[in-house]
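Here are my notes on this one, as a few numbered points. Have the model open while you read.

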Amino acid sequence: TGTGKPAAFALPILSRIDLAQRAPQAIVMVPTRELAILVAEAFLKFAARLPGFHVLPIYGGQCYSPQLVALKRGPHVIVGTPGRIIDHLDRGTLSLGTIRCVVLDEADEMLAMGFADAIDAILGAIPEERQVALFSATLSHTIRRIAKAHQRDPFEIAIRGKTATAANIRQSYWLVSGMHKLAALTRIVEVVEFDAMLVFVRTKQATVELAERLQARGVSAVALNGDVPQAMRERTVQQLKAGKIDILVATDVAARGLDVDRITHVVNYDVPYDTESYVHRIGRTGRAGRSGEAILFIAPRERNLLRLIERHTRQAIEPLRLPTVEDVNVRRLAKLKARIGEALAAGASDYYRRAVEEVSLETGADLLAVGAAILSLGEGGAPVTTRNRAEPVGEGDHGDRGSCAGDHGDRDSHDAADAVGDDTRPSWGPRAPSAALQFEDDGRQVTWRLAVGRRNGVLPGNIVGAIANESGLKGQHINGVDIRADYTLVRLPAALPLAIIDRRSRTVVRGQALNLEPGD
């Protein structure tokens, strides 16, 4: 990741391009629109001294008209996502009869996104006399099947260094319970010096919720996921590059191919389920030899994933020292003083000077006290006190101290208290009591299969609500909600009484009873 992989196929392709032939001679298939744009830009950069060279990125979410016009001009190289390439083949607006070279980039991700049939169809439309190069982070059975079907006696080149991640990326982890992830992240954001930060979560819904909660704390954060329209996605990436956005909250797929020099920190808010995803995530920082920071949030029940990542990367991930309340206050004071200095340099109007003088005369307070009172009105630099240490930074969003959708980490009281300091009640009042289900939870969980899935239109919140409602079961007991096409897998406490399971089985969601059955 970040080692200039496009050059490995772009330079050889460019050396064989016939500029006089106004027809596609090479096609590069990539999983995402961002990667299509990135690869096309790499081709243009490498072909700077090839007059008349044309490369065309084609991808979903973009209007067909400019793509049709560009195809008629006869680009030399096509870079596209399988879905949009198939669309053009079906429309008859793209012919692959002149293709001599094919590249499958990020093949594992394309297969994970369900493009296997599309890849087979595209390769089937290309002449037999061609060269096929396949790039993949992993070599699964399906990828080997494609290689065997479409490549002739291929060489397998495996590149492995001493570590699987760049040495210039400092990696650390924080053992944090789910309900306190937001508090830990906001404390890091306020104290740590960073240029731009990329925060990874597992679901589309979580990107939106976390971005909104960061915005409520005065942070310039934007969500990036597969549901964001392409024009907005491109505008968001440009704003990140230009420094108009500080934090991008994204899913794995949405961040594929993202190459922004400003990203100095990557935060794994939700730990990835596989080690390859972790390597790809943190590879978004430390680009082109620059240094970067990668922070991993680990729930107590996810320690085994931390060990797997360390074994895969062959690097020890050090525990992170979370900024203290004192660190936050020092940082806030420094920012406040800087703003005051800027205001002094700009010069205050006579209107404000008169206000300060009159208040001082009318109240008898000295100018220092009046100045402090004025600053307190802004509240932007208010210090953190022991009354709100459980919510260390930002005073908005008081109504929900929980986690984002799908983020139901262990909330063991000891670990939670360690994560954010004293668990004293915040200044907005005591929490309402809840009628929690009483049972001996030993931490073990088992997987159950539910008879509802995507075809029923269910969301993770529907599942959690249906299981928790009326039974008094807390949200932190419900983990790993995995919605498939026709069913859903969910992890529940192994000690949960069977009577509760039976009662929840009869719960109807979207017109279908849950029918809980043991899953695998």
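**Notes on the predicted model**

1. Confidence first: the protein chain has a mean pLDDT of 78, with 82% of its residues at 70 or more (pLDDT is the predictor's confidence in each residue, from 0 to 100). Over residues 386-435 the pLDDT is below 50, yet this stretch still has 109 contacts in the model beyond near neighbours in sequence (contact means heavy atoms within 4.5 Å). Where pLDDT is low, the predicted coordinates should not be read in detail.

2. Some bookkeeping. Residues are numbered from 1 along each chain as its sequence is written, and side-chain values use heavy atoms, with hydrogens and water left out. As this is a predicted model, local features need pLDDT of at least 70 and side-chain atom pairs count only at pLDDT 80 or more, while totals for chains, interfaces and linings use all residues. Helices (H or I, at least four residues) and strands (E, at least two) are DSSP runs, numbered from the N terminus.

3. Seven strands make an open sheet, ordered 8-9-7-10-11-6-12, with parallel pairing (two strands pair if DSSP finds at least two bridges between them). Strand 8 (221-224) and strand 12 (318-319) are the edges, each pairing on one side only. Inside the sheet, strand 7 (residues 196-200) runs parallel to strand 9 (residues 247-250), joined to it by four bridges. Look for Phe 200, which sits opposite Ala 250 in strand 9.

4. What lies across that sheet? Helix 8 (residues 181-191) does, over strand 6 (169-175), strand 7, strand 9, strand 10 (263-268) and strand 11 (292-298). Helix 8 runs at about 160° to strand 11; axes here are lines fitted to C-alpha atoms, for helices over the stretch in contact, and angles run from 0 to 180 degrees between N-to-C directions.

5. Helix 8 also has a helical partner: its axis and that of helix 14 (residues 325-346) come within 9 Å and cross at roughly 40°. Helix 8 and helix 14 are therefore oblique to each other (under 35 degrees counts as roughly parallel, over 145 as roughly antiparallel, 65 to 115 as roughly perpendicular and the rest as oblique). Their crossing is left-handed, a label used if the near helix is turned anticlockwise from the far one by less than a right angle, with right-handed if clockwise. Arg 187, Glu 190 and Val 191 of helix 8 make the contact with Val 325, Asp 327, Val 328, Arg 331, Arg 332 and Lys 335 of helix 14. By class that is three nonpolar, no polar and six charged residues (Ala, Val, Leu, Ile, Met, Phe, Trp, Tyr, Cys and Pro count as nonpolar, Asp, Glu, Lys and Arg as charged, and the others, Gly among them, as polar).

6. Now helix 4 (residues 82-91) against helix 6 (residues 116-124): the angle is about 45° and the axes are 9 Å apart. That makes helix 4 oblique to helix 6, and the crossing is left-handed. Pro 82, Ile 85, Ile 86 and Leu 89 of helix 4 meet Ala 118, Ile 119, Ala 121 and Ile 122 of helix 6. The tally for this contact is eight nonpolar, no polar and no charged residues.

7. Helix 1 brings residues including Phe 9, Leu 11 and Leu 14, and helix 2 brings Val 39, Ala 42, Phe 43 and Phe 46. The contact has 11 nonpolar, no polar and no charged residues.

8. Last, the antiparallel sheet: four strands, open, in the order 14-15-13-18. Its edges are strand 14 (479-483) and strand 18 (517-518), each pairing on one side only. Strand 13 (residues 445-450) pairs with strand 18 over two bridges, and Trp 448 stands opposite Pro 518 in strand 18. Helix 18 (residues 460-468) packs on this sheet, touching strand 13, strand 14 and strand 15 (488-493), and its direction makes about 125° with that of strand 14.
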